[in-house]
Amino acid sequence: MGATSPLKGQSHSRSLTRNLLPYVLYALLPIAVFRFYFHPFPFPLSTSDQLPHPNRIILTTSSSSSSSPPPSSFSKEEEIANETPCNYTYGRWVHDKMGPLYNGTTCGTIKEGQNCITHGRPDLGYLYWRWQPSQCNLPRFDPNTFFNLLSNKHIAFVGDSMARNQLESLLCMLATASYPNLVYKTGEDNKFRRWHFSSHNITVSVYWSPFLVKGVEKSKTGPDHNELYVDVVDERWGSDLEHIDMVVLSIGHWFLHPAVYYEGGSVLGCHYCPGLNHTEIGFYDVMRKAIKAALKAIIERKSTDGNGIDVFLTSFSPSHFEGEWDKAGACPKTKPYEEGEKMVEGMDADMRSIAIEEMEAAKVNAKQFKGLRLETLDVTKLSLMRPDGHPGPYMYPFPFANGIQEHVQNDCVHWCLPGPIDTWNQIVLEVIRRWSVVSKREK
């Protein structure tokens with residue numbers, strides 16, 4: 001009497017379990033979701049789906065053999081040294097949300113005519129693009145890496161106003177980490193200047209030399225044409241080679257002007273010199289001779305002083321005038337060309353080829369000496385694709401403040417700062433970094 005039947009007890013237990021089970025499931029479900037979201041199961045990936053090693057910096061492309069150690073066993077420096085150098089020539093411009101390292105108000109070394117933001121350029125979309133090479137990555141410029149690689153060095157930019165444009169770009173990017181002190185300036189329009197970064201004892205100079213060789217520039221008091229001595233290096237920079245550790249050469253646009261050329265003390269010919277009774281020979285061969293003379297002087301002088309030197313030769317940077325530059329030609333585009341929309345051709349292609357060919361010949365000559373590293377900074381295509389990156393009318397402050405004028409001068413040759421020319425220095429840094437890694441391995 002009073003004792004519970006076994007069957008009845010079992011039935012009561014099953015009923016209790018059925019009643020509690022939904023609550024247990026409801027309690028466990030959030031826990032399972034939380035566990036899976038924050039700690040997913042390590043599902044195996046196929047070879048083609050595996051992510052690159054987190055420590056890997058992809059600068060170049062190469063194929064590795066099956067006997068090579070896995071990527072995780074390489075250091076970053078070893079990977080860079082073992083891979084084929086990246087070809088930065090080919091690629092496309094892609095949107096970049098990060099934008100530039102600096103702006104027109106944070107950098108004090110921007111030439112007035114290239115300070116597009118301060119001058120009131122209203123469209124700022126040109127600031128948000130980066131160059132993406134076809135077969136590798138181009139890392140964002142890191143000023144501290146530059147300082148560490150070039151501490152105690154003297155870097156010189158030699159050439160025309162494009163050399164100065166690139167120099168000022170570099171100064172602005174470096175100034176985000178360390179302030180440059182102007183320690184020397186002379187010449188009209190401060191064409192010869194020098195800065196010092198005391199944090200790493202780095203000196204950066206600019207030498208005005210629009211032909212690299214000795215020349216007399218046309219002026220109001222001189223000839224109405226340029227005079228070039230194609231076999232004589234301009235000693236305004238040549239005499240300082242003993243103290244220069246890295247040089248960036250940049251010429252091109254000044255060769256388009258009328259000129260008389262001299263070689264071996266005699267008139268060689270001229271370019272567009274009616275009335276002077278000289279043979280018209282154009283400027284291509286003269287530009288080639290000037291580059292050849294400059295590289296020859298660098299190799300000969302630096303191979304004897306035992307200090308070595310790094311040499312970059314910047315290829316031709318095309319202009320983007322729509323119409324004649326001296327007849328109110330403008331560059332109104334506000335975004336890059338798309339791939340295939342614009343090709344490197346004509347004069348742009350010819351001048352680029354001259355630079356590349358002469359640098360390749362100089363590399364062969366330099367191989368017999370230690371400490372000489374030479375490379376073409378091939379920026380012709382990536383520059384051609386950026387018609388939106390020039391100051392245009394904003395070479396002057398607020399050019400439309402009083403309404404739209406009938407004729408407004410445009411600069412469609414130089415580059416806004418910040419702007420596409422910053423990419424040139426990104427490439428320089430990556431080449432230097434690879435050189436440094438290879439040099440360490442060889443030691």
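**Strands, rings and charges**

Me: Which residue in β8 stands opposite Gly-215?
Reply: β7 and strand β8 (residues 226-233) pair in the antiparallel sense over 4 bridges; two strands count as paired if DSSP finds at least two bridges between them. Helices (H or I, at least four residues) and strands (E, at least two) are DSSP runs numbered from the N terminus. Within β8, the residue opposite Gly-215 is Leu-228.

Me: What kind of model is this?
Reply: Residues are numbered from 1 along each chain as its sequence is written, and side-chain values use heavy atoms, with hydrogens and water left out. Local features need pLDDT of at least 70, side-chain atom pairs count only at pLDDT 80 or more, and totals for chains, interfaces and linings use all residues, in what is a predicted model.

Me: Which strands stand at the edges of the open sheet of 4 strands?
Reply: The order in this sheet is β7-β8-β10-β11, with mixed pairing. Two of these strands each have a single partner, so one side of each is left without a neighbour in the sheet; they are β7 (213-216) and β11 (266-271).

Me: At about what angle does helix α6 run to β8?
Reply: Axes are lines fitted to C-alpha atoms, for helices over the stretch in contact (heavy atoms within 4.5 Å), and angles run from 0 to 180 degrees between N-to-C directions. Helix α6 (residues 284-305) lies across β7, β8, β10 (259-263) and β11, and its angle to β8 is about 40°.

Me: How many residues of β12 are buried?
Reply: Buried means under 20% relative accessible area, exposed over 50%, and partly exposed in between (1.4 Å probe, protein chains only). One side of β12 carries Ile-309, Val-311 and Leu-313 and the other Asp-310, Phe-312 and Thr-314, and both faces are covered. β12 also pairs in the parallel sense with β9 (residues 246-250) over 5 bridges and with β13 (residues 372-377) over 6 bridges. The count of buried residues in β12 is 6 of 6.

Me: How is the pair of Phe-141 and Phe-146 classed: stacked, edge-to-face or tilted?
Reply: Rings of Phe, Tyr and Trp (its six-membered ring) pair if their centres lie within 6.5 Å; planes under 30 degrees apart count as stacked, over 60 as edge-to-face and the rest as tilted. The whole structure has 10 aromatic pairs. In this one the centres are 6.0 Å apart and the planes at 35°, so the pair is tilted.

Me: Which secondary-structure elements does the pair of Phe-147 and Phe-197 tie together?
Reply: These two rings form a tilted pair, 5.3 Å centre to centre with 55° between the planes. Phe-147 is buried at 0% relative accessible area, and Phe-197 is buried at 0% as well. The pair ties together parts that are 50 residues apart in sequence, because the two residues lie in helix α3 (residues 143-149) and strand β5 (residues 192-197).

Me: Which ring has Arg-386 over its face?
Reply: A charge sits over a ring if NZ of Lys or CZ of Arg is within 6 Å of the ring centre and within 35 degrees of the ring normal. Lys-214 lies over Tyr-229 at 5.0 Å from the ring centre. For Arg-386, at 4.6 Å from the ring centre, the ring is that of Trp-93.
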